[in-house]
Amino acid sequence: MEEDPNASNVTTMMNSSSELNLSPSMNTPMVSLESRINRLINANQSQSPSRSIYSDRFIPSRSGSNFALFDLSPSPSKDGKEDGAGSYATLLRAAMFGPETPEKTDITGFSSSRNIFSHSPVKSPRKVPRSPYKVLDAPALQDDFYLNLVDWSAQNVLAVGLGNCVYLWNACSSKVTKLCDLGTDDSVCSVGWAVRGTHLAVGTSTGKVQIWDASRCKRTRTMEGHRLRVGALAWGSSVLSSGSRDKSILQRDIRCQEDHVSKLTGHKSEVCGLKWSYDNRELASGGNDNRLFVWNQHSTQPVLKYSEHTAAVKAIAWSPHVHGLLASGGGTADRCIRFWNTTTNTHLSSIDTCSQVCNLAWSKNVNELVSTHGYSQNQIIVWKYPTMSKIATLTGHTYRVLYLAVSPDGQTIVTGAGDETLRFWNVFPSPKSQNTDNEIGSSFFGRTTIR
């Protein structure tokens, strides 16, 4: 039998304790920390005196460990195999510091066993500036809910209809150009840039649609077909749609000589909202009859009809993130933003904004949208979709915020109102800084006039 080299130490300690003048309650033999560890390490040897040790170091076995000594019970590993090193470390820590000792932490709250560089701090919400960074005076900007007098091109040029004239404001150079003057017998009711941003469509109060080459300030075509004013325009890939107070929508292919290639009928009142989907397969239209219709490329009758709104539907926006997701907003008697899945023909949700909904626009950089409002708060709201939690509420206009356009980079919006001002706000992050903690936007450039 091999001699236990620690046996004499234990005996000496026991004898020493018995020779001390202790009270009866303390005469119970005590085991030192060192002895407890030694007994743990040599548990296998004492239970198997005939076993020979062939290695130069001892790796304890769970089956031979005296867990009862430390009031611990072994827990099997997931794969059923013993984890000697892990068990030994656990027991050793329990023996030295007591059972169920939490991991040591420093003053910062980080665990000593964790890499502090892997910590991800909680990011603060994105801050949206509450004031516009630029204001343009826009004399004669009409306070008419059914018109669409502002649009921003892919070439970073803003078009604005003021009375019987159209002005272009270059966002890069701040240069203002007068594109056209319709004369005293006509006025501008809508403007809409083609996809590439080189040509502008202008809808007039006499029912005409004019096409202008913006770079040359030259009219290239005039198309007729409507009997009354054209208050809504929407460009598809090669089709220009125009909506009128005569209740109709005309589809115009500018490659053809005809003024229009088809006529869409279904609305019972003025058409005031038009938007093509991003894939150019569906056209959404809203009217003063409180109806929202969806048309496909080949239909002359609406393929989807929605009648849940209880006021005029001017505000329309397609999601650039989810195919078939459509948002619409109702006027003063409705005040709701509603969401639709045109693929499954379902009404998804609705939220009461407490104000007339004048415009909607979806961010192409993040899953957020902005709405502009009229009676009674004249506010601008940035929403997180689909929770529809408010990210920011912006105020400043003193009239209904009837006009809205988004910059080509998707970060800035411009709003227009009957207070004859255009206000520029930075509300959306850039694609590369979607979670930025800092305020986004440019500095204030002062107040100027667009003409």
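**Salt bridges and a sheet**

Q: What does aspartate 143 count as, at 34% relative accessibility?
A: Aspartate 143 counts as partly exposed. Buried means under 20% relative accessible area, exposed over 50%, and partly exposed in between (1.4 Å probe, protein chains only).

Q: What kind of model is this, and what is left out?
A: This is a predicted model: local features need pLDDT of at least 70 and side-chain atom pairs count only at pLDDT 80 or more, while totals for chains, interfaces and linings use all residues. Residues are numbered from 1 along each chain as its sequence is written, and side-chain values use heavy atoms, with hydrogens and water left out.

Q: Back to aspartate 143. Which side chain does it meet in a salt bridge?
A: Arginine 400, at 3.3 Å from N to O. Aspartate 143 sits in the loop between S1 and strand S2 (150-152), and arginine 400 in the loop between strand S25 (389-394) and strand S26 (403-406), so the pair ties together parts 257 residues apart in sequence. Arginine 400 is buried, at 11%.

Q: What counts as a salt bridge, or as a strand?
A: A salt bridge is a side-chain nitrogen of Lys or Arg within 4 Å of a carboxyl oxygen of Asp or Glu. Strands (E, at least two residues) and helices (H or I, at least four) are DSSP runs, numbered from the N terminus.

Q: How many salt bridges does the structure hold?
A: Nine. One of them joins arginine 126 and glutamate 368, with the closest N and O atoms 2.5 Å apart. Arginine 126 lies in the loop between helix H4 (84-97) and strand S1 (134-137), and glutamate 368 in strand S23 (residues 368-373), so this pair links parts 242 residues apart in sequence.

Q: Are those two buried or exposed?
A: Arginine 126 counts as buried at 12%. Glutamate 368 counts as buried at 5%.

Q: And aspartate 253: which residue is its partner?
A: Arginine 255, with the closest N and O atoms 2.9 Å apart. Aspartate 253 is buried at 10%, but arginine 255 is exposed at 63%.

Q: New topic. What order do the strands take in the open sheet?
A: Four strands run S10-S11-S12-S13, with antiparallel pairing. The edge strands are S10 (230-235) and S13 (262-264), each pairing on one side only. Two strands pair if DSSP finds at least two bridges between them.

Q: How many bridges join S10 to S11?
A: Five. S11 covers residues 239-244. There, serine 244 is the bridge partner of valine 230.
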